[in-house]
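Hello,

Here is the structure we talked about.

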Amino acid sequence: MKARATVLCENSIMSNLGAIAEHGWAVFLETDCGNYLFDTGQGKGLLNNARKFKIDLSRIKAILISHHHVDHTGGLLDAVSEAGPVPVYGHPDLFKRESYITRNGKRIQIGVPFVRELLESKGAEFRLNRDWTEIAPRIYMTGEIPRKMPYEKVEEAIRTKNEKGEFIEDPVIDDQALVIEAEKGLFIVLGCAHAGLINTLNYAIERTGKTHIQVIIGGTHLWPVSEEQREKSIEALKSLHIDRIGISHCTGLLPAIRLAQEFGERFFFSNVGSVVEV
Ligand SMILES: [Fe+2]
Ligand SMILES: [Fe+2]
């Protein structure tokens, strides 16, 4: 399986005049089995950047959604309007309404900003399930990722509501990643890694039986965690067989510097306009 990924939405941008950055994540994927869109950003950059990079979203085979947060689903209406009728793969929690984050003392809602019926009226054909799913030969969505590493905790600021209406920690159980079995190893596209970076990589290794990771791109969520957790995750990361790691989105700048120190030439920034080929 050969694949080529172009980052359409990310928090930063380097020398791509006319394209824009936003707090979000979306990747256009060309493969031997057709083209796909993984996540859709928060909705400001997707179409603008696709046009800029001459990417035709009307011919994709499916939209793949990592989790329900708006920085990954805010461009879903635009994506479906371009591509529909189109299958949309995700988790049954995709339309969870009770989803919040607290930033700077303010609590805001961060679920999908569209109702399902509107997206369906534009051609979305939802395929929601919790399990490891083969999208095409050698292309998989992980489904729910087992949370095995005791130190990989969920972010405190992300909350949901229980039946009593109380705000409680949200484990974001829908969080999943895309896994491609490429010729020289695994190509893993993370969403936000709310399930834990190491949990996610270990699960991809376990399910595919492949221990060699050729390249990782996406959000590692190493920013809003404790120093202790971050260091443990980085130590575990170093013990895996990874050729290249292209960090993005919710990794954060300081953790990115740490990773750059640890991984040297194997490290790169995967931001708007970055292209990865496997
Ligand atoms: Fe998220
Ligand atoms: Fe995110």
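Below are my notes on a metal site and on one threonine.

This is a predicted model, where local features need pLDDT of at least 70, side-chain atom pairs count only at pLDDT 80 or more, and totals for chains, interfaces and linings use all residues. Residues are numbered from 1 along each chain as written, chains are lettered from A and ligands numbered from 1 in written order, and side-chain values use heavy atoms, without hydrogens and water.

**Iron site**

The iron ion (ligand 2) has Asp71 (OD), His72 (NE2), Cys192 (SG) and His249 (NE2) as protein donors, 2.1 to 2.2 Å away. Donors are N, O and S atoms within 2.8 Å of the metal (3.2 Å for Na, K and Ca); water is not among the atoms, so sites may look incomplete. Along the chain the donor spacing is D-H-x119-C-x56-H. The iron ion (ligand 1) is 3.5 Å from the iron ion (ligand 2).

His72 is buried, at 0% relative accessibility. His249 is buried too, at 7%. Buried means under 20% relative accessible area, with a 1.4 Å probe and protein chains only.

**Thr31**

Thr31 lies in strand β2 (residues 26-31); strands are DSSP runs (E, at least two residues), numbered from the N terminus. Thr31 is buried, with a relative accessible area of 12%. A polar atom of its side chain lies 2.8 Å from the backbone nitrogen of Cys33. A polar atom of the Thr31 side chain also lies 2.8 Å from the backbone oxygen of Gly34.

Best wishes

Methods. Buried means under 20% relative accessible area, exposed over 50%, partly exposed in between (1.4 Å probe, protein chains only). Helices (H or I, at least four residues) and strands (E, at least two) are DSSP runs, numbered from the N terminus. A polar contact is a pair of N or O atoms within 3.5 Å; within protein, one must be able to donate a hydrogen and the other to accept it, and residues adjacent in sequence count only if both atoms are side-chain atoms.
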